[in-house]
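Q: Please take a close look at one part of this structure and describe it in a connected way. Start with the pairing of strands, then go on to the helix and the loop before it.

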Amino acid sequence: MKKTVHIPSISSLHQLVGLDPPKHPLFSIQRLEDLKGISCPEKITYDFYTIGFKKNLNGYVKYGRTNYDF
């Protein structure tokens, strides 16, 4: 069984991936290209909203219990 990583705040996320503290505690924009070398666990939970934009995604994305075909 995979371990689920829980991230309670944006500041905690920045600390986990080795970024400087966010300029605002409730808002942060990051590019995935800037986070090279960071391994991402398969299961992550947050206490905040996240929005991700993916370019040229071909395949399936699983969100919750639903698979989305792109």
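**Hairpin, helix and loop**

A: Opposite Tyr 63 stands Thr 66, a residue of strand S4. The model is a predicted one: local features need pLDDT of at least 70 and side-chain atom pairs pLDDT 80 or more, while totals for chains, interfaces and linings use all residues. Residues are numbered from 1 along each chain as its sequence is written, and side-chain values use heavy atoms, without hydrogens and water.

S4 (residues 66-69) runs antiparallel to S3 (residues 60-63), and four bridges join them; pairing requires at least two bridges found by DSSP. Strands here are DSSP runs of E with at least two residues, helices runs of H or I with at least four, both numbered from the N terminus. Two residues lie between S3 and S4 in this hairpin, and Gly 64 in the turn has a positive phi of about 65°.

Turning to helix H1, its buried residues are Ile 10, His 14 and Val 17. They lie on the same side of H1 because their arc around the axis is only 80°, taken from the directions from the helix axis to the C-beta atoms. Buried means under 20% relative accessible area, exposed over 50% and partly exposed in between, with a 1.4 Å probe and protein chains only. Gln 15 and Leu 16 are exposed, on the face of H1 turned away from its buried side. After H1 comes Gly 18, with a positive phi near 80°.

The loop between strand S1 (4-7) and helix H1 (10-17) contains Ser 9. Ser 9 counts as partly exposed because its relative accessibility is 26%. Its C-alpha atom is 6.3 Å from that of Asp 47, although Ser 9 and Asp 47 are 38 residues apart along the chain.
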